[in-house]
Amino acid sequence: MEDQVLKKRTIIVIIITVLMMIAEIYFGIITNSMALTADGFHMGTHTAAFVITLVVCTIAIKKAGKAEQVNAFGGLISAILLGLTALGIIWESLDRFITPIEINFADAILVAVIGLVVNLVCIFIMGGDCHIHLDVDINHEHCHCSEQHEKVKENLNFKAAYMHILADILTSVMAIIGLLLAKYFELQFLDPIIGYIGGIIIIKWSIDLIRSSYKILQPLIHR
Ligand SMILES: [Zn+2]
């Protein structure tokens, strides 16, 4: 992923996220929906994460000679933040498991669906023409922007932003499954368990990213 391309895409994603944040907080307040308002503030944390991506690729463009290291450093920071978010999800899931709270299903499902749609749009903008291997070959991203499958040098800043959106999609999908199971099958206890599983998966992604970033940064540390 070229830094110039990444910069443009990140700006579009930030604009969408900020607009969603404002809309959710606004409608959350006028409809008295805590779920909507809370998700609006949650969108704020996503915005902050993508601002980091933007700052990093702006620096990478300026310091073109050191782009790989700059992007690896950005990837490292984003991966750590993603991991912390996942810990938050796990913590909240455990809390919900111990002390279940009354859920307003209509609100909660609406918020999860909005989140899913927004993130699907964002992931399409961010890397619609790229697909990332989540398996053993985690160190290579393939981009087929030009018909051919061309192996490009990995941009870890891009990868971290992409994985973040992917993690958000996973969270939304799992929330929807959990909420539907709770609403229609009275399986309330499954909602926090599903949240917990989602958190573990995201932590695994962030650890893989931290490893890849460290591999590139390591020679600089030991110099
Ligand atoms: Zn997010």
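Residues 144-151 keep a pLDDT under 50; pLDDT is the predictor's confidence in each residue, from 0 to 100. For this stretch the model has ten contacts beyond four places in sequence, a contact being heavy atoms within 4.5 Å. This is a predicted model, in which local features need pLDDT of at least 70, side-chain atom pairs count only at pLDDT 80 or more, and totals for chains, interfaces and linings use all residues. Residues are numbered from 1 along each chain as its sequence is written, and side-chain values use heavy atoms, with hydrogens and water left out.

**Confidence**

- The protein averages a pLDDT of 83, and 89% of the residues score at least 70.
- Among the elements, helix α1 (residues 3-30) has the highest mean pLDDT, 90. Strand β3 (residues 150-152) has the lowest, 46.
- Residues 135-139 also have a pLDDT below 50. Beyond near neighbours in sequence, that stretch has ten contacts in the model.

**Overall build**

- The protein has six helices and three strands. Helices (H or I, at least four residues) and strands (E, at least two) are DSSP runs, numbered from the N terminus.
- From the N terminus on, the order of elements is α-α-α-α-β-β-β-α-α.
- Of the 223 residues, 43% count as buried. Buried means under 20% relative accessible area, exposed over 50%, and partly exposed in between (1.4 Å probe, protein chains only).
- Take the contacts between residues at least 6 apart in sequence: 75% of them join residues at least 24 apart.
- The accessible surface comes to about 12,300 Å², and carbon and sulfur atoms hold 70% of it. These areas come from the Shrake-Rupley method with a 1.4 Å probe; for residues, only the protein chains shown count as cover.

**Zinc site**

- The zinc ion is coordinated by His46 (ND1), His46 (NE2), His164 (NE2), Asp168 (OD) and Asp168 (OD), at 1.9 to 2.8 Å.
- Donors are N, O and S atoms within 2.8 Å of the metal (3.2 Å for Na, K and Ca). Water is not among the atoms, so sites may look incomplete.
- In sequence, the donor residues follow the spacing H-x117-H-x3-D.
- His164 and Asp168 both lie in helix α5 (residues 156-185). They are four residues apart, so about one helical turn separates them.
- His164 is buried, at 12% relative accessible area. Asp168 is buried too, at 11%.

**Aromatic pairs**

- The structure holds two aromatic pairs. Rings of Phe, Tyr and Trp (its six-membered ring) pair if their centres lie within 6.5 Å; planes under 30 degrees apart count as stacked, over 60 as edge-to-face and the rest as tilted.
- Tyr26 and Phe27 have ring centres 5.1 Å apart and planes at 80°, so this pair is edge-to-face.
- Tyr26 is partly exposed, with a relative accessible area of 48%. Phe27 is partly exposed as well, at 42%.
- Phe158 and Tyr162 form a tilted pair, 5.6 Å centre to centre with 50° between the planes.
- Phe158 and Tyr162 are four residues apart in helix α5, so about one helical turn lies between them. Both are buried.

**Cysteines**

- The structure holds zero disulfides. A disulfide is a pair of cysteine sulfur atoms within 2.5 Å.
- Cys57 is buried, at 0% relative accessibility. Cys122 is buried, with a relative accessible area of 2%.
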